[in-house]
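The following questions and answers are meant for a reader who meets this structure for the first time. Please keep the sequence and the model in view while reading.

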Amino acid sequence: MSITSALAGALSGLSATSRQAEILSSNVANATTPGFARREVGLGAAVLAGQGQGVQVLGVTRDVDRHLLGERRIAQAGGGDRDVRAEFLKRVEQTLGTADNPSSLAARLATFDQALVESAGRPESQARLNSVAATAKSLMAGLAAATTDIQNARASADRRIGEDVGKLNATLQQLHELNVNLRSFTGAGRDVSALLDERQRLVDQISAIVPVREVPRDLNQIALFTVGGAPLLEGSAAVIGFTPVHTITPEMTQALGGLSGITINGRPYETAGSASPILGGTLGALFSVRDELSVSAQGKLDAAARDLVERFAGLDPTLAPGAAGLFTDGGGAFDPLNEAGLAGRLRLNAAADPTQGGALFRLRDGLGAATEGPPGNGTLLAALHSALTGARPLASTGFAAGNRSFAVLTSDILSDASALRLSAQSEQSFSAARLTALTDLEAQNGIDTDREMQELLVLEKSYAANAKVIQAVADMIDILIRLGR
Amino acid sequence: MTRISVGDASLTNILARQGADLRGQVQRAAQEVATGRHADIGKVMRGDVAPLLAVDASLARLAAYKTNTTDAAFQTAAQQSAIAGLSQLASGITMTLMGSRDVQTPAQVNVTAADARGRLASVVGMINTQASGRAVFSGVATDRVPLGGSEDLLAALETAAAGSTTAGQVEAAVNGWFADPLGFGAFYQGGASLSAAPIAPGEAADLSTTALDPAIRDTLAGFAMAALIDRGVLAGNADERARLAQIAGQTLHRTEDARITLAARIGTVEAQIETARSRNAAEATSLGILRSDIGSADPYEAATRLETFRTQLEALYLVTARVARLSLTEFLR
């Protein structure tokens with residue numbers, strides 16, 4: 001019997017080698033496939049009735065470092081979070097204008113200041129009055145453009161939250177179906193490596209949005225929880241609810257109504273603060289952009305707008321007390337209870353604006369002046385300039401206390417935007433470095449074609465050896481047959 | 001199991017990332033070399049851009065003050081030259097007028113009076129001087145000349161002095177008219193004094209002189225008395241006419257000090273404007289230097305950086321090319 005056993009053993013060697021070659025070819029072919037984990041064929045000695053019977057293929061294993069994968073996913077989520085925040089803060093800095101930008105808020109203010117000084121020096125000059133009106137409008141346009149930009153950023157954050165939630169729901173559903181397939185295929189003992197690869201890729205997608213913890217269950221099943229503890233996949237996929245809004249105005253907040261929060265399986269969850277289970281990825285960062293960062297940036301702009309309005313109110317002796325000054329809230333007097341969004345609503349007083357049916361001389365003679373006064377009267381213009389440059393306390397919150405001129409307030413806002421952007425970017429590069437290090441480690445565990453080639457040489461040799469054994473056995477059998485003649 | 005392999009993707013990732021990083025650095029350095037400005041001013045200032053903005057705001061304001069000092073200097077120069085003209089016209093006739101009683105014949109007095117009438121017209125013209133469309137002695141009513149025609153002035157004075165029979169009465173009537181808010185005060189077409197013009201941070205130039213200034217008013221009165229003789233006041237009374245001419249001469253002589261004082265006062269303002277102008281220019285220059293220090297990139301430093309990154313990038317390309325050829329597959333053929 002032993003010669004036939006030798007034949008069978010060599011045959012098992014041949015088939016094991018073919019199987020190894022098959023897996024090796026798939027490894028090499030997927031050398032650059034993202035999310036592909038290296039496969040290895042597990043071999044063992046085949047034992048039949050207490051005797052060695054060649055080699056047997058025990059199965060195909062995926063070579064994955066679970067701990068590293070988990071770390072990398074969390075780092076990826078953190079990177080997404082920092083990216084979103086840094087991107088928004090950079091946008092705010094850009095929209096306010098960097099310090100050396102001629103269209104920055106500070107540069108617009110400087111030209112307004114300049115126009116007022118020049119006009120006070122020569123009040124009869126129509127050109128200089130015109131430039132006071134034009135630079136005042138440019139200052140308001142700067143504030144309004146920044147407001148529009150910030151609100152657009154909020155709207156786009158809201159839209160992206162909607163997209164992220166849609167992606168989460170779809171991916172969770174796919175994961176659930178994969179879980180079902182894996183259960184039946186594993187039960188039937190089939191090779192499930194490709195399905196596991198696909199599942200890993202899907203979990204990677206989710207973990208960019210919300211950092212997740214993957215909990216393995218029997219029969220190749222997994223359950224998913226956010227790092228904060230909310231269940232996403234446990235037996236069935238969770239349904240995440242969110243309603244995007246079409247347009248966002250500065251007055252709308254999640255607390256005061258108008259903006260949607262988030263629900264998981266119908267239960268509302270916090271979107272900010274330590275109680276929120278969804279923080280740490282792009283989703284949490286988008287909520288933060290929509291509800292905190294942009295509201296704070298807008299608040300500062302509104303405080304500046306309010307300061308501007310209040311500086312010029314009550315200066316003008318031709319106006320009744322309480323009437324709107326040079327800068328108005330959409331044409332009317334400013335109501336302190338209606339500060340939100342003021343930066344976007346500023347208008348030059350219609351009485352002094354030729355494009356709204358007013359006349360420039362009212363900049364010089366008073367907004368309530370019925371007829372043009374003596375053209376050389378620069379008293380009011382000089383008063384406007386000192387109102388702009390004088391130090392006064394701020395009526396709004398959000399700034400350190402103290403008296404400021406409007407220029408100092410503006411430079412505070414710009415410096416603030418710059419500093420926030422810088423710290424966000426430094427956090428961003430920190431988390432990016434962490435993600436890079438982990439991704440590198442993961443890539444090191446990936447396919448090494450040199451190693452596969454080396455194994456190919458071994459396989460060739462062992463295939464040849466097994467074939468040689470078969471040939472030798474055949475020769476031996478031949479000899480035996482010849483003996484019988 | 002102990003790993004003895006390094007995935008292909010690992011090296012590719014590292015090389016690609018380093019390449020991207022170096023290319024970004026090269027781009028920033030190249031931008032700084034080309035524009036002379038920091039690619040990221042916020043980072044250079046560590047987020048506190050207030051000093052830079054303060055310098056920029058001061059520079060903008062100094063540009064405005066430069067315009068204002070030019071305007072104010074023009075205005076005061078026009079006033080100064082008008083007053084110099086006034087003094088010249090007055091000194092040319094004062095002695096003649098003062099001698100009219102003792103040295104001159106009545107006919108000569110008539111000639112002098114006619115001369116004075118002509119000079120009065122010139123004086124009114126000088127007070128009505130305009131500098132770049134701005135009447136310099138009109139106060140805030142810069143669009144109107146301060147005085148009407150000299151003949152209108154004389155006609156008003158004639159009415160005021162009607163019935164006077166002696167030179168003393170005429171003098172009293174003329175002085176009374178000039179002091180009367182309804183007399184010269186109403187004849188003056190300008191407005192209240194100009195408010196001070198800002199010429200430097202916290203500093204303003206006093207441009208308040210108008211045609212109502214006593215020096216100008218009394219000079220006008222002197223000329224007007226002499227000119228009234230030519231209009232036929234005290235006709236037939238040669239003695240009183242000569243006396244009036246003499247009083248006119250004395251008035252002009254007496255007001256000379258006031259004119260000099262006025263010229264000196266305006267001169268002080270001119271000096272102040274000039275000082276402010278040179279101070280502003282010096283400040284603008286030093287602020288400009290400071291601005292370059294804070295806000296501009298050092299081109300040599302940026303160029304050196306560019307060169308370093310270029311060398312590094314070239315080395316990286318070389319490494320990439322060499323490493324790409326290191327493959328077992330290549331040697332298995």
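The turns below treat the model's confidence, its domains, its contacts and some local features.

This is a predicted model, in which local features need pLDDT of at least 70 and side-chain atom pairs count only at pLDDT 80 or more, while totals for chains, interfaces and linings use all residues. Residues are numbered from 1 along each chain as its sequence is written, and chains are lettered from A and ligands numbered from 1 in the order in which they are written.

Q: What is the mean pLDDT of chain B?
A: The pLDDT is the predictor's confidence in each residue, from 0 to 100. The model as a whole scores ipTM 0.84 and pTM 0.85. In chain B, 99% of the residues reach 70 or more, and the mean pLDDT is 90.

Q: What distance separates the centres of domain 1 and domain 2 of chain A?
A: Chain A is divided into domain 1 (2-63 + 446-483) and domain 2 (70-436), with bounds that come from an automatic or database domain assignment. Taken over C-alpha atoms, the centres of the two domains of chain A are separated by 63 Å.

Q: How many residues does domain 2 of chain A give to the contact with domain 1 of chain A?
A: Two residues are in contact if their C-beta atoms, placed from the backbone, lie within 7 Å. Domain 1 of chain A gives 6 residues to this contact, and domain 2 of chain A gives 7 residues.

Q: Which helix of chain A supplies the largest share of the side that touches chain B?
A: Between the chains, 47 residues of chain A are in contact with 48 residues of chain B. Helix 3 (105-121), helix 9 (379-389), helix 10 (406-444) and helix 11 (449-483) of chain A each supply at least two residues of that side of chain A; helices (H or I, at least four residues) and strands (E, at least two) are DSSP runs, numbered from the N terminus. The largest share, 13 residues, comes from helix 10 of chain A.

Q: How many residues on the side of chain A that touches chain B are charged?
A: Ala, Val, Leu, Ile, Met, Phe, Trp, Tyr, Cys and Pro count as nonpolar, Asp, Glu, Lys and Arg as charged, and the others, Gly among them, as polar. On this side of chain A, 17 residues are nonpolar and 19 are polar, and the number charged is 11.

Q: Why does strand 1 of chain A lie largely in the open?
A: A residue is buried if 20 or more other C-beta atoms lie within 10 Å of its own, exposed if 12 or fewer, and partly exposed in between, with C-beta atoms placed from the backbone. Strand 1 (residues 39-48) of chain A has 10 residues, and it lies largely in the open because the number buried is 1.

Q: Which residue in the turn between strand 1 and strand 2 of chain A has a positive phi?
A: Two strands pair if DSSP finds at least two bridges between them; here 9 bridges join strand 1 of chain A to strand 2 (residues 51-62) of chain A, and the strands run antiparallel. Within this pairing, Gly44(A) stands opposite Gln56(A). The two strands of chain A form a hairpin with 2 residues between them, and the residue in the turn with a positive phi, about 50°, is Ala49(A).

Q: How far apart are the end C-alpha atoms of helix 2 of chain A?
A: The expected span of a helix is 1.5 Å times one less than its number of residues. For the 31 residues of helix 2 (residues 66-96) of chain A, the span should therefore be 45 Å, and this agrees with the distance between the end C-alpha atoms, 45 Å.

Q: Is Leu234(B) buried or exposed?
A: Leu234(B) is found in the loop between helix 8 (214-230) and helix 9 (238-295) of chain B. Although Leu234(B) is not a glycine, its phi is positive, about 55°. With 21 other C-beta atoms within 10 Å, Leu234(B) is buried.

Q: Where in chain A is Asn265(A) placed?
A: Phi of Asn265(A) is near 50°, a positive value in a residue other than glycine. Asn265(A) counts as partly exposed, with 13 C-beta neighbours inside 10 Å. Its place is in the loop between strand 8 and strand 9 of chain A.
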